[in-house]
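Welcome! Take a moment to look over the protein shown here, and then we will walk through it together.

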Amino acid sequence: ASMTTVSGIIFLYGAQTKVASVAAIHLDEMGETAGAAAMGMLIVYACVFVRISHLLISSWVTRVSQNWRSR
């Protein structure tokens, strides 16, 4: 059984797909608070990593593509 984030559902959704955020809620409902907290933090870390990567790549692309203006 695969597990994915909400944004990946559009491309990866299948009958056996478990969404990570829903799985974290189910863990919390089953009393696995530590596991739910760990999964929640992994989701947060993944989002932060993607956001920082996007900022770095987009600033680099902007700098490279707008370099002709400074000539």
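## The overall layout

Which pattern does the protein follow when read along the sequence? The answer is β-α-β-α-α. Keep in mind as you explore that this is a predicted model. In total, its secondary structure consists of three helices and two strands.

## Two helices side by side

Let's turn to a pair of helices. Two packed helices are described by the angle between their axes and the distance between the axes. Here, helix H2 covers residues 20–29 and packs with H3 at an angle of about 160°, their axes being 7 Å apart. Because angles over 145 degrees count as roughly antiparallel, H2 is roughly antiparallel to H3. The crossing in which H2 passes H3 is left-handed.

## What the surface looks like

The protein has 71 residues, and 13% of them count as buried. Its accessible surface comes to about 5900 Å², and carbon and sulfur atoms account for 68% of that.

Now find the nonpolar surface patch of about 690 Å². Met 41, Leu 42, Val 44, Tyr 45, Val 48, Ile 52 and Leu 56 make this patch. Is Leu 42, one of these residues, buried or exposed? Leu 42 counts as exposed because its relative accessibility is 59%, and the cut-off for exposed is over 50%. You can find Leu 42 in helix H3, which spans residues 33–65.

Definitions and conventions:
Residues numbered from 1 in each chain as written. Predicted model: local features only at pLDDT ≥ 70, side-chain atom pairs only at ≥ 80, totals over all residues. Heavy atoms only, no water. Patch = residues over 30% accessible without salt bridge, like charges linked within 9 Å, V, L, I, M, F, W, Y side chains within 5 Å. Areas by Shrake-Rupley, 256 points an atom, 1.4 Å probe, with all protein chains shown as cover. Salt bridge = Lys/Arg side-chain N within 4 Å of Asp/Glu carboxyl O. Helix = DSSP H or I, 4+ residues; strand = E, 2+ residues; numbered from the N terminus. Buried < 20%, exposed > 50% of the residue type's maximum accessible area, 1.4 Å probe, protein only. Axes fitted to C-alpha atoms, helices over the stretch in contact; angles between N-to-C directions. Parallel < 35°, antiparallel > 145°, perpendicular 65-115°, else oblique. Left-handed = near helix turned anticlockwise from the far one by under 90°.
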